[in-house]
Amino acid sequence: MNVSIQSSPHPTRDRYDVVVVGGGMAGLTAGALLACNGLQVLVVDATDKPGGVCRTLEASGYAIDLGVHLVSGCNRGGPFGPGTVFSILERLGVSDQCELIQVDPFYTARLPGQSLVVPAGLEPYVDAYSAAFPAERKGFKSLVNLQADILREWLTFPITPSITDWLSMPFTYPKLFRHRRTTMAETISRYIRDPKARALYAAIWPYPGLPPAQASFLVWAIGMASYVEEGAYYCRGGFQRLANAVAMGLVSHGGDIVLERRVERILVRNNMVEGVILDGAEQVRADTVVAAGDARETFGKLIPSDDLPRSWSQRTRDGKASLSILSLYLGTDLDIESLGISKENIVQQSWDLDANWDEALSGGVTGMSVWVPTLGDPSIAPADRHQVAILIAVPPEFPDVDRSQITEQMVYGAEQVIPNLGRHITFAYGANKSSLKPSELPLNKIDAAYGWAASPQQSGPLRLPATTPIRGLYLAGHWTQPGHGIRGVMVSGLRAARLILGRDTNLGIQPLGL
């Protein structure tokens with residue numbers, strides 16, 4: 001396929017079948033699948049590139065992924081069938097537009113006095129943890145099998161379950177039913193007795209987005225089973241290529257995309273969608289709108305509260321937002337490849353993971369991810385340089401603290417993985433080249449990085465659904481079901497498209513059905 005992404009400052013027509021508000025991966029997926037099925041689709045986004053947080057910026061010879069560094073669901077086959085991301089790319093005819101390569105080992109967990117290289121694949125994964133804690137092998141095996149069962153049930157659970165589906169859930173989807181309200185800590189402790197074994201196993205808790213005592217076990221299980229058994233993938237050249245591929249799927253099937261324009265309002269009359277108003281008072285008519293942005297903005301700004309039932313408005317007002325991400329994107333002249341480290345490194349300064357989170361409430365840096373994408377993809381940095389991303393997960397109420405102390409602590413923590421990094425920084429995204437001291441590095445921030453916090457009270461069917469009380473208005477993105485992550489939001493786009501088309505809504509995510 002040789003199709004460029006055609007973006008113009010104005011829509012090509014004044015009426016579409018569907019307008020998608022938000023050109024992140026959820027909106028792009030919904031729009032592209034709808035266009036692929038013959039609808040006239042417009043995707044509108046306020047930024048200069050499609051993809052939302054799945055974007056790559058170019059600076060001083062570096063290609064920097066600002067929001068994503070691993071994704072699941074890219075496998076051609078496996079224990080659960082083809083991965084969802086792979087299937088969507090295939091359906092759109094754009095799988096040749098980006099190269100998704102499996103990362104193995106998955107990550108290395110580093111806690112005080114102990115580290116563990118965690119490989120991909122069910123048996124190697126269990127073997128690695130069992131070698132560190134031999135007495136816990138049976139528990140690890142049972143827990144990993146439980147996670148796989150939960151993912152399998154989730155993939156087949158109906159997109160729009162009927163009353164019969166809900167009533168029969170304890171028998172037809174027993175694992176989903178039993179664990180629908182449990183936390184990571186509650187379930188993991190049933191299988192693993194040793195507190196250190198539990199901490200090492202859950203060290204990658206920022207992936208579900210809350211520490212073990214608060215995070216939904218279902219969110220953890222679905223994500224980890226997919227990564228472990230289907231594989232963790234990186235997009236060669238940066239994840240912008242994945243976003244561009246889906247955008248190409250949109251335009252190749254006749255869809256339009258307008259960038260650097262804001263939707264000021266979603267038009268609603270008599271409880272029905274009529275279209276949108278763009279900045280500059282430009283009106284675009286449509287009987288269907290997919291809102292794929294921040295749900296708080298959708299229901300707090302784009303749609304007047306008078307157009308919503310009170311219970312729905314209250315639901316979005318009272319929801320608890322997820323963690324935020326603070327990050328440093330660095331270049332270094334160190335020979336990192338000689339260290340033999342993993343691309344993904346999870347560093348926790350304490351074995352008490354929940355205490356780490358509590359300390360972050362007062363501005364402490366107690367855990368981080370150290371990501372080195374140039375290990376395996378040297379094309380995203382200048383010759384003889386490596387790219388290093390240091391990311392910390394912080395609560396939404398993270399205090400306004402001295403940023404110089406934060407950046408120093410982040411670099412110091414990363415030196416547990418890459419010794420002497422602080423003295424060998426040759427580039428920092430957003431910084432002047434003459435000011436590269438650890439205390440002077442600029443922090444990047446993504447607020448509410450996962451939409452709603454993934455607690456048991458805000459996960460599964462308790463997250464916002466794809467349908468709304470307003471006829472013709474649908475939702476997609478990480479504020480909605482099923483949840484966050486690139487795979488999760490692309491699934492939400494698939495769900496919205498199926499509902500709009502009236503296709504196979506009694507089926508689960510697999511088979512693809514579009």
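A residue is called buried when its relative accessible area is under 20%, exposed when it is over 50%, and partly exposed in between (1.4 Å probe, protein chains only). Buried residues account for 58% of the 514 residues in the protein. The model is predicted: local features need pLDDT of at least 70, side-chain atom pairs count only at pLDDT 80 or more, and totals for chains, interfaces and linings use all residues. Residues are numbered from 1 along each chain as its sequence is written, and side-chain values use heavy atoms, with hydrogens and water left out.

The protein contains 15 helices and 19 strands. Helices (H or I, at least four residues) and strands (E, at least two) are DSSP runs, numbered from the N terminus. The radius of gyration is 22 Å, close to the 24 Å that the globule rule gives for 514 residues, so the protein is as compact as a globular protein of that length. Here the radius is taken over C-alpha atoms, and the globule rule is 2.2 Å times the number of residues to the power 0.38. The C-alpha trace spans about 65 × 60 × 45 Å along its principal axes.

Contacts were examined next, a contact being heavy atoms within 4.5 Å. Of the contacts between residues at least 6 apart in sequence, 71% join residues at least 24 apart. The surface was treated with the Shrake-Rupley method and a 1.4 Å probe; for residues, only the protein chains shown count as cover. The protein exposes about 20,000 Å², and carbon and sulfur atoms supply 48% of that area.

Lys and Arg count as positive and Asp and Glu as negative, while His and the chain ends are not counted. Each charge is placed at NZ of Lys, CZ of Arg, CG of Asp or CD of Glu. The protein has 45 positive and 50 negative side chains. The centres of the two sets lie 5 Å apart.

Cys54 is in no disulfide, and the nearest cysteine sulfur, that of Cys235, is 7.4 Å away. A disulfide is defined as a pair of cysteine sulfur atoms within 2.5 Å. For Cys235, the closest cysteine sulfur is in Cys98, at 4.7 Å, which is too far for a bond. Cys54 is buried, at 0% relative accessibility. Cys235 is also buried, at 0%.

Thr187 belongs to helix H7 (residues 184-191). Its relative accessible area is 0%, so Thr187 is buried. Residues up to four places away in sequence aside, Thr187 touches Leu143, Leu146, His179, Thr182 and Phe217. Ala63 sits in strand S4 (residues 62-65). Ala63 has 7% relative accessibility and therefore counts as buried. Beyond its neighbours within four places in sequence, Ala63 contacts Thr56, Leu57, Glu58, Gly237, Ile380 and Gln387. The C-alpha atoms of Ala63 and Gly238 are separated by 6.5 Å, although the two residues are 175 residues apart along the chain.

Another pair gives a second C-alpha separation. Gln314 lies in helix H12 (residues 310-318). At 38% relative accessibility, Gln314 is partly exposed. Gln314 and Arg198 are 116 residues apart along the chain, and their C-alpha atoms are separated by 37 Å.

Backbone geometry was then inspected. Most residues other than glycine have a negative phi, and most peptide bonds are trans. The peptide bond from Asp104 to Pro105 is cis, with omega near 10°. Pro105 lies in the loop between strand S5 (100-103) and strand S6 (107-111). Gln481 and Pro482 are also joined by a cis peptide bond, with omega about 10°. Pro482 is placed in the loop between strand S19 (473-475) and helix H15 (486-501).

For Glu260, a residue other than glycine, phi is near 60°. Glu260 is in the loop between strand S9 (256-259) and strand S10 (263-269). With a relative accessible area of 56%, Glu260 is exposed. For Ala448, phi is near 45°, again a positive value in a residue other than glycine. Ala448 lies in the loop between strand S18 (444-446) and S19. Ala448 is buried, with a relative accessible area of 9%.
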